[in-house]
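Subject: Structure for you to look at

Hello,

I am passing on a structure that you have not worked with before. Please open it below and read the notes that follow beside it.

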Amino acid sequence: MRAKTVEDRALLEMIDPLAESLGLAVVRVRLMGGTLRRRLQIMAERKTDNDISVEECARLSRAVSEIFDTSDPIAGEYLLEVSSPGIDRPLTRLMDFDLFQGYEARLETDRMVEGRKRFKGILAGTEGDNVAIDLDGEEDTALIPFEWLADAKLVLTDELLKRGAALRAARGEPEDDGLPEGAPDNHNPDLSKDDA
């Protein structure tokens, strides 16, 4: 699931060693769009803590650009986008299901499984090459072969947001108040315009 199409897989084979040399792991590669202007989306993270900085995204972007300028693996123009997987990230590797055990996820299979293709529930890790998930409204833990998954993604919940905040705090990063840097804090009634 890190790469869906044959073209994505070929690009991933080129990008993986570059990311590896920078201490990063590629979570997902997608080449999207039609024939005119396409977009190459690369999601990556550090292997050590499953996060990535803006500077690391820029380094990977430069490394990919250098190699692709020489080898030209994508016909026509394309926009290169390197980013983190985000909070409600895609789950593309078997290890992701262990890493995010206990969090809510949506899974979609490439074939019918007991009359359906979509599943939602709490991740329960893995068993062999199977993803374990406690499905909403069902008692037993379901096991779905990883190779049958077409898509898998975490659901944005309060628990997931708290996890993200705890990781930022552990790294000593300030909490994001959602305001642009330097914007006035209108939420604090004790500050008047004269105090600023």
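In this predicted model, five strands form an open sheet in the order β7-β6-β5-β4-β8, with antiparallel pairing. The edges are taken by β7 (141-145) and β8 (149-154). Each of these two has a single partner strand, so one side of each is left without a neighbour in the sheet. From one strand to the next, the twist averages 45°.

As background, strands of a sheet pair through backbone hydrogen bonds, and the pairing can be parallel or antiparallel.

The pairing of β4 with β5

Strand β4 covers residues 104-113 and runs antiparallel to β5, with six bridges joining the two. β4 and β5 form a hairpin, and two residues lie between them. In that turn, E114 has a positive phi of about 50°.

The pairing of β5 with β6

Strand β5 spans residues 116-127 and strand β6 spans residues 130-135. These strands also run antiparallel, and five bridges join them. Across this pair, I122 stands opposite D134 in β6, and E127 stands opposite N130 in β6. β5 and β6 form a hairpin as well, with two residues between the strands. Here the turn residue with a positive phi is G128, at about 65°.

Regards

Notes
Residues are numbered from 1 along each chain as its sequence is written. This is a predicted model: local features need pLDDT of at least 70, side-chain atom pairs count only at pLDDT 80 or more; totals for chains, interfaces and linings use all residues. Side-chain values use heavy atoms; hydrogens and water are left out. Two strands pair if DSSP finds at least two bridges between them. Helices (H or I, at least four residues) and strands (E, at least two) are DSSP runs, numbered from the N terminus. Axes are lines fitted to C-alpha atoms, for helices over the stretch in contact, and angles run from 0 to 180 degrees between N-to-C directions.
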